[in-house]
Amino acid sequence: MFDIKKKKAFVCDLDGTLFMGPNPIKPAVDFVIENTNSGRFNYFYLTNNTSKNPSEYLKKISGAAIPVKPEQILTPLITLEAYIREHGYRSVYLVASEAVRGHMTEQLADAGVKFEFNPEGNELMALAYDKELTYEKLRRLAVLWNCRGPQVCPDRAIDFVATHPDNCCPSEDGPIPDVGGMLKLLETTNGMKPNHVFGKPSPSLLAPVLAKFKPEEIAVVGDRLYTDKAIADNAGIDFVCVLSGETTPEDLRNYRGTPPAIVVNTFNEVDA
Ligand SMILES: [Mg+2]
């Protein structure tokens with residue numbers, strides 16, 4: 001049974017939950033604004049998309065008049081930053097847009113991390129959703145794996161991670177390639193595979209929330225069963241399914257997994 005009285009924090013998906021493309025879903029957004037201002041709930045905002053900096057999501061959310069701080073934005077770039085720090089990596093080949101590479105360089109300046117292509121020195125290669133992807137970047141990833149992959153270089157094998165698993169990104173012109181598709185291209189090339197894939201449904205993305213709240217005090221709110229519900233299930237926390245995005249009542253009828261904790265038309269109805 002879903003009990004809103006026990007909840008202190010909601011982790012909200014953006015598209016289909018609070019926004020439909022660029023437009024806010026008004027009742028859901030009003031609900032968030034009201035409870036942010038009253039301090040009744042804490043909100044976090046979840047996105048797998050690593051083609052943009054967290055600051056661009058800040059702009060989008062605050063553009064809908066929701067009061068928001070940088071630490072409320074959860075993107076796999078935060079997981080990547082924590083991962084680099086944890087492992088003490090200093091030399092990383094990051095395939096990402098210029099803006100995202102600049103952001104990561106700034107975030108990790110204090111740790112002296114260099115984002116560079118250095119076949120001898122690179123300790124990690126990381127693939128983000130790079131909308132400026134070139135053949136040369138793909139070639140370099142393959143070359144690093146060929147000369148430093150676990151098969152040829154077991155002692156000092158290069159680590160490999162990807163920011164999220166999505167095969168495609170929805171667009172107004174239909175699905176377009178995302179990190180999952182790029183990973184398939186690389187795997188077909190020489191068998192290379194990442195050691196970790198961050199982002200939904202990996203619960204690693206929720207680490208900053210779980211550090212502050214108990215699982216029973218948190219709920220994930222989203223419109224996709226295979227990403228939003230999956231991350232909630234993987235972290236052992238309640239899932240609020242909204243019907244304002246991708247999932248339809250028919251999808252729910254056909255769904256074989258454990259049902260969501262609660263199903264609502266729009267997020268605000270969770271408090272009905
Ligand atoms: Mg969504």
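Author: Among contacts in the chain (heavy atoms within 4.5 Å) between residues at least 6 apart in sequence, 66% join residues at least 24 apart. The model is a predicted one, in which local features need pLDDT of at least 70, side-chain atom pairs count only at pLDDT 80 or more, and totals for chains, interfaces and linings use all residues. Residues are numbered from 1 along each chain as its sequence is written, and side-chain values use heavy atoms, with hydrogens and water left out.

The metal site comes next. The magnesium ion is coordinated at 2.1 to 2.2 Å by Asp13 (OD), Asp15 (O) and Asp223 (OD). Donors here are N, O and S atoms within 2.8 Å of the metal (3.2 Å for Na, K and Ca); water is not among the atoms, so sites may look incomplete. In sequence, the donor residues of the magnesium ion follow the spacing D-x1-D-x207-D. Aspartate 13 counts as buried because its relative accessibility is 6%, whereas aspartate 15, at 42%, counts as partly exposed. For these terms, buried means under 20% relative accessible area, exposed over 50%, and partly exposed in between (1.4 Å probe, protein chains only).

The site belongs to a chain with nine helices and 15 strands; helices (H or I, at least four residues) and strands (E, at least two) are DSSP runs, numbered from the N terminus. The radius of gyration of the chain is 19 Å, close to the 19 Å that the globule rule gives for 272 residues, so the chain is as compact as a globular protein of that length. This radius is taken over C-alpha atoms, and the rule is 2.2 Å times the number of residues to the power 0.38. The C-alpha trace spans about 60 × 40 × 35 Å along its principal axes. Of the 272 residues in the chain, 49% are buried.

Several individual residues deserve attention. The peptide bond from lysine 200 to proline 201 is cis, with omega near 5°. Proline 201 lies in the loop between strand 12 (196-197) and helix 7 (207-210). Serine 202 also has its place in the loop between strand 12 and helix 7. This serine 202 is buried because its relative accessible area is 18%. Leaving aside neighbours within four places in sequence, serine 202 is in contact with Val197 and Ile231.

A further loop, between helix 9 (249-254) and strand 15 (262-264), holds tyrosine 255. With a relative accessible area of 29%, tyrosine 255 is partly exposed. Not counting residues up to four places away in sequence, tyrosine 255 touches Leu225, Lys229 and Asp233. Tyrosine 255 and leucine 225 are 30 residues apart in sequence, and their C-alpha atoms are 8.7 Å apart in space.

Two exposed residues complete the account. Alanine 65, in the loop between helix 2 (54-63) and strand 5 (73-74), has phi near 70°, a positive value in a residue other than glycine. Alanine 65 counts as exposed because its relative accessibility is 51%. Glutamate 98 has its place in helix 4 (residues 98-107) and, at 53% relative accessibility, counts as exposed. Glutamate 98 and serine 51 are 47 residues apart in sequence and 9.7 Å apart in space, C-alpha to C-alpha.
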